[in-house]
Amino acid sequence: MTSTIAKIYIENLRHNLKLIKGRISPGAKMCVAIKADAYGHGALRCAREAVLCGADFLAVARVREGVELREGGITIPLLMLSLCNPEEADELVLNEITPLVFDFDYIKMIEDAARKAGKKKYSVHLAVDTGMGRIGCLPEECVRFAKYIDESEFLSLGGVCTHFSVADSKKETDREYTEKQFERFVFATESIRKAGINPGIRHCANSAITLDKPEMHLDMCRPGIIVYGYYPDELDRDYFSSKGEQIDLKPVMALTTRVVSIRDFEPGKSVSYGRTWTSEKKTKIAVLPIGYADGFFRRFSKSCGFCEGIDVAINGRPYPIRGRICMDQCMVELGETSGVERWSEAVIFGPKESGAVQTAQKLADETGTIPYEITCGVGKRVPRVFVE
Ligand SMILES: *Cc1c(COP(=O)(O)O)cnc(C)c1O
């Protein structure tokens, strides 16, 4: 096994899935977001655990992602949250992936693919834009589309959905915006019902709503980030504690590597590209075979000027990165007497049991992003190692 790996703690994944399942309102289904290789955690393995923990649906973002799950033996319904192109439509239908639709052009493209594949009443979900401004028809338009789908020989309306843009914010104005979006969504589903059409599964709840607003669960929740152990932005552990609820999510991924070399530095010796750091005293520098091609981005080093610099844990102690992070390697300063040895494990982020001194949340906070981007950014060449 190579030195730089992403350890996936299956027990933590199960813990989160069970916790989520327990919070979803009775009667509502669970659709687990497996898109983007399960937020970087390994799609197929995470999908299997989700199914074992009671997922009714899995959500993907690409036809290819759905096909990977089908080829891996996943048989439960798959929902595709973003759009495919005409060349992909046949593959979508052949793999029984349920698309989101919201305009005639696209609906007819799917209808055509369903007809060609000999499918009758192929399930699609109608997306409604209630304020996210990304995909979806306007609430006032939804009856026209619902009617067309319902009357088609080749399509059926399996569900209606929307997506919130500020559900993970604590700000009063944002909370009002979410309420407004929900009202618009209810208006949309009710107008479909009033037109004599069954809206099917009504769903709008992302992670934030799944944990915070049971009254908005409707027929299905679509949790993502909480499955992987991170809180929905501002709705963090403390937020729920202050509401008198203890929600204990456990990060699932640890990004680890090993010390491949330890070198003695005399004062005045510079490190890495750009010579942004120079030793002031005698010290030891460890070389780690991890770099931005692995998802350990340049901006994590103080030398790049975006943050105060994040530390790397070795034997449970933090050590600072020195100089710029390269494509495949980086350097950390051990000082003169660290006791760190060659081949020691170094942990970038992860749950406590991984020996990490921080989670991906810390890396995200330091560099102005969100944990989603950190775990999704772990490179393709980093093996995902599943820890039972
Ligand atoms: C990614 C996504 C989700 C899950 O979002 P989280 O914030 O990770 O819970 C739910 N719905 C849609 C439409 C999405 O794109």
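This is a predicted model: local features need pLDDT of at least 70, side-chain atom pairs count only at pLDDT 80 or more; totals for chains, interfaces and linings use all residues.
Let's start with the overall shape. Along the principal axes, the C-alpha atoms fill a box of roughly 80 × 45 × 35 Å. The radius of gyration is 24 Å, which agrees with the value near 21 Å that a compact globule of 388 residues would have. Of those 388 residues, 54% are buried. If you take contacts between residues at least 6 apart in sequence, 67% of them join residues at least 24 apart.

Now the surface and the charges. The accessible surface comes to about 16800 Å², and carbon and sulfur atoms account for 49% of that. There are 53 positive and 54 negative side chains, with the centres of the two sets 3 Å apart.

Next, a residue I'd like you to find on the screen: R384, in strand β19, residues 384-387. Is R384 buried or exposed? R384 counts as buried, because its relative accessibility is 17% and the cut-off for buried is under 20%. Its side chain reaches two backbone oxygens: that of G40 at 2.8 Å and that of V378 at 3.0 Å. Leaving aside residues up to four places away in sequence, R384 also touches others, including A6, I8, D37 and H41. And how far apart in space are R384 and I5? Their C-alpha atoms are 6.2 Å apart, although 379 residues separate them in sequence.

Finally, over to T2, in the segment before β1. T2 is partly exposed, at 48% relative accessible area. Its C-alpha atom is 27 Å from that of R14, 12 residues along the chain.

Conventions: Residues are numbered from 1 along each chain as its sequence is written. Side-chain values use heavy atoms; hydrogens and water are left out. Helices (H or I, at least four residues) and strands (E, at least two) are DSSP runs, numbered from the N terminus. Buried means under 20% relative accessible area, exposed over 50%, partly exposed in between (1.4 Å probe, protein chains only). Contact means heavy atoms within 4.5 Å. A polar contact is a pair of N or O atoms within 3.5 Å; within protein, one must be able to donate a hydrogen and the other to accept it, and residues adjacent in sequence count only if both atoms are side-chain atoms. The radius of gyration is taken over C-alpha atoms; the globule rule is 2.2 Å times the number of residues to the power 0.38. Accessible areas come from the Shrake-Rupley method with a 1.4 Å probe; for residues, only the protein chains shown count as cover. Lys and Arg count as positive and Asp and Glu as negative; His and the chain ends are not counted. The place of a charge is taken as NZ of Lys, CZ of Arg, CG of Asp or CD of Glu.
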